[in-house]
Structures are given as C-alpha cells and as structure tokens.
Amino acid sequence: MTLLTFTRASLNPLSPALSLHHVSPSRHNLSFTSPRRNKPSESQFPPPSRHVSSRRVKVSSQLRLPLISPTDHWGQWAALFAAGAFGVWSEKTKMGSMVSGALTSTLLGLAASNLGIIPFETPSYSFFMEFLLPHTIPLLLFRADLRRIIRSTGSLLLAFLIGSVATVVGTVVAFMLVPMRSLGPDNWKIAAALMGSYIGGSLNFVAISEALRISPSVVAAGVAVDNVICALHFMMLFALASKIPPETTSASSSPDGDMTKDDKAEDKNRVVSTSIALSVSFLICKAAISMAELFKIQGGMLPAVTAITVVLATSFPDFFNSLAPSAETISLVLMQVFFTILGATGSVWNVINTAPSIFLFAVIQVMVHLALTLLLGKLFCIDMKLLLLASNANIGGPTTACAMATAKGWTSLVVPGILSGVFGVSIATFLGIGCGVLVLKRL
C-alpha cells in the first residue's frame with residue numbers, strides 16, 4: 001500500500017479534514033515538505049499573521065477485501081451455489097469428468113477465498129455445516145434396502161467385503177509406514193476419513209471428517225488426493241480388465257430387474273416427492289441429534305443419521321425408493337456446496353504443504369487394498385471381473401461401479417454393482433470412525 005504524507009496549512013484549525021479521494025496543492029493550500037540545500041531567508045517566507053494548524057494526512061487504497069464481505073449473506077449464498085452448480089456442470093466436459101465435480105467446486109472455493117472474493121470465515125458457512133450438510137446423508141441413502149442388497153448381489157457382495165477388509169488392512173499398513181506426523185492430531189483422522197472413502201465413497205469421507213472435526217485445510221488436501229488416487233486406480237482396474245470379454249446376455253437377465261424399472265420410472269408429481277423427501281430428512285436429522293444428545297456422543301449426529309436412514313429404508317423400501325430420485329438431486333446440490341465451502345475455508349499454502357504426505361499414504365493404502373483383494377479373491381475362487389468391480393465399488397462408490405460395469409459390457413453386474421456400492425456407503429462411516437479411534441489413534 002502506498003502512503004503519501006502531506007502537511008496541511010489551514011487558517012482555521014477547526015476546519016474539516018481533507019478528502020482522501022483527491023488532493024490538490026493549489027486548491028487546498030498544501031505544501032510538500034522536502035529537504036533543501038540552502039536555508040531560505042526569513043524575508044522570503046514571512047510568518048503568517050494568523051494561527052496555522054499542521055496535520056499529517058495518509059492517503060491509502062480504498063479497496064477492501066474480500067469483495068463479498070462477511071456480512072453480505074445474499075452475496076455469499078449466490079457465490080456458493082453458483083460454484084456448486086459449475087462443479088455439477090463441469091462433469092459434462094472432458095476436463096471436468098477427469099477431475100470430478102467435487103474437486104472442481106473445492107478448487108473454485110479455494111481460489112475465491114485466497115484471491116479475496118469471498119471470506120474465509122462467515123456465519124453462512126457455519127449455518128450450512130450445522131443445518132444443511134446433515135441432509136446429504138439421508139437423502140442419498142433412501143435406496144439402502146439391506147435385504148435387497150444381500151439378495152441381489154450374490155458373489156459380488158463377498159468380493160466387496162473382501163475389498164473392504166483389504167482397505168482396512170491397507171490403512172493400518174500405510175499409517176505405520178507413513179504416519180503423517182506433520183499433520184499433528186489430524187493425522188489419524190484423515191487416515192480414517194480416507195479409509196471410509198475407500199470402502200463407501202465421498203459421502204463417508206464428508207461424514208467422518210465432520211464427526212472427527214478435521215481442520216479444513218487437511219480435508220481440502222484429502223479431497224484433492226482422493227480424486228487423483230481414484231483416477232489412477234480406475235486406470236489400473238481397466239488395464240487389468242482389458243482381456244475380460246463383455247457378456248452376451250441381455251440386461252433383462254439382471255437378478256433384480258424390478259429395480260431397473262424403478263430407476264427409470266418418472267415420478268408424476270416431483271414437487272410432492274421432493275417436499276416429502278425434505279420433510280422425512282428433517283425428521284431423521286432431528287431424531288439423530290436427539291439421540292446423540294441423549295447418549296452424549298460428541299460428533300455422533302451423522303453416524304446416527306446413517307443408522308436411522310438405513311433402518312427405515314430397509315423397513316419401508318417401496319416408500320423410500322419412490323422418494324429416491326428427488327432426494328438424490330437435492331443431496332447432489334448440497335454436496336457440491338459443501339465442497340465449495342470446504343475449499344473456501346482452506347489455505348492454498350496449507351494444502352500444498354499438507355498434500356504430499358497424504359498422497360504417499362493414500363498410494364500405499366490403495367496398493368495394499370488392490371493386491372490383497374486379488375490375492376484373497378483367488379484363494380476364494382472368485383471371478384476376476386467380480387474382484388475388479390468390487391474394488392471399483394470400494395474406492396469409487398456405486399456410481400463408478402455402475403459406469404465400469406456398463407463400459408465393459410457386464411450387464412448382469414450393473415445393478416449388483418450399484419447395490420454393493422450403496423452397502424459400502426451404509427457401513428463405511430462406522431468402520432472408519434471405529435478403526436480411527438480404536439486402532440489408528442493408538443499407533
């Protein structure tokens with residue numbers, strides 16, 4: 001910031017201060033003080049006949065950062081939802097599909113806050129984290145009917161469970177080799193969050209991060225690492241599956257064809273289903289927070305939300321399955337806004353300093369997962385394509401498992417792949433928190 005110092009001569013000491021927007025020596029009787037080689041004679045500058053006051057005036061930049069102030073709540077919400085919408089749209093582009101909408105929204109939030117566009121901290125962020133983020137879990141788990149998952153997945157569920165055990169082992173091995181001491185108390189927490197992500201998906205990463213109170217910069221670095229690791233892992237899976245031929249059977253031979261029909265069925269009254277889905281979500285969140293307060297479990301709200309939703313979706317599958325399309329749309333939007341806030345509260349330098357150790361940890365974690373999954377699968381005589389698809393469902397979740405089964409022409413595995421991924425989302429939060437508190441924290 002450039003500071004200019006002037007001496008102001010005024011015939012009236014009570015006259016108002018000069019304007020900081022424009023300063024003119026001729027208009028405001030200003031004299032610039034500067035050193036002279038020869039002292040001027042007193043005759044050249046006779047003393048003033050009236051009292052003169054002297055003031056020092058600093059001229060500074062009028063630009064205030066951030067551009068959207070912490071008190072401008074409408075501006076903040078507009079920026080957050082715009083960044084989230086851009087993240088969703090970016091997945092339709094070639095570059096966006098490579099990095100994922102979640103990482104795009106995170107990077108947008110990170111850039112906007114560090115460039116002084118939106119604030120690092122504001123009550124709007126706290127409001128979202130407390131009252132809106134919990135809704136992403138029930139709205140995404142309305143299809144989590146455990147009875148149908150067990151009935152429909154067959155051998156793929158066994159392969160998925162093997163992959164889940166391999167992820168737990170890989171997490172412990174990686175944490176022993178790369179304990180990430182530089183992260184302080186967040187080291188075992190981010191390890192637990194990545195473990196949950198590599199059993200279920202991003203939803204579990206969010207839930208564990210929030211439950212364990214991981215610092216935003218570490219979470220932002222974890223999101224970036226997670227996306228890179230997933231991309232590399234999917235490339236490896238497709239390379240291993242390159243010699244496995246597609247199936248010749250039709251999609252109608254799926255073991256749960258009625259679910260495909262349900263997925264394609266269009267709700268005639270989307271407004272009604274959306275309002276009911278939101279109402280149910282609020283009731284579930286209220287029950288969960290009451291349960292957490294009753295048993296005095298710190299950070300227990302999101303795990304309780306998961307448990308209640310899975311129980312209800314299993315008990316009343318038809319009702320919750322009819323609400324799933326509307327619920328998933330709302331949840332997707334809220335997740336993108338969360339990732340934007342996650343980036344906005346992070347520091348670029350902290351992310352740069354944090355990411356390398358997390359990346360090395362995740363590489364070892366996923367390598368052990370894949371190697372152990374293939375080894376145990378061979379011992380149990382499980383088909384190679386089931387093991388690869390199960391590993392995809394573990395690391396990427398139900399969406400990527402569906403995409404891989406479709407791309408490879410394994411039509412009979414599309415629905416089981418989705419259900420296996422949903423099952424992973426249902427259990428990963430509990431496994432991640434449990435392993436973190438009981439094992440990783442003590443290593």
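I looked up the handedness of the α5 and α15 crossing, and found it left-handed (near helix turned anticlockwise from the far one by less than a right angle; clockwise would be right-handed). I kept in mind that this is a predicted model, where local features need pLDDT of at least 70, side-chain atom pairs count only at pLDDT 80 or more, and totals for chains, interfaces and linings use all residues. Residues are numbered from 1 along each chain as its sequence is written, and side-chain values use heavy atoms, leaving out hydrogens and water.

Next I checked the geometry of this pair. Helix α5 covers residues 123-132 and helix α15 residues 317-344; their axes come within 11 Å and cross at roughly 140 degrees. Axes here are lines fitted to C-alpha atoms over the stretch in contact, with angles from 0 to 180 degrees between N-to-C directions; helices are DSSP runs of H or I, at least four residues, numbered from the N terminus. The two helices are therefore oblique (under 35 degrees is roughly parallel, over 145 roughly antiparallel, 65 to 115 roughly perpendicular, the rest oblique).

Which residues make the contact? I listed Tyr125, Phe128, Met129 and Leu132 from α5, with Leu334, Val337, Phe338, Ile341 and Ala344 from α15 (contact: heavy atoms within 4.5 Å). By class, I noted nine nonpolar, no polar and no charged residues (nonpolar: Ala, Val, Leu, Ile, Met, Phe, Trp, Tyr, Cys, Pro; charged: Asp, Glu, Lys, Arg; polar: the others, Gly among them).

Then I turned to α9 (residues 187-197) and α10 (residues 202-212), which pack at about 155 degrees with axes 7 Å apart. That makes α9 roughly antiparallel to α10. I found their crossing right-handed.
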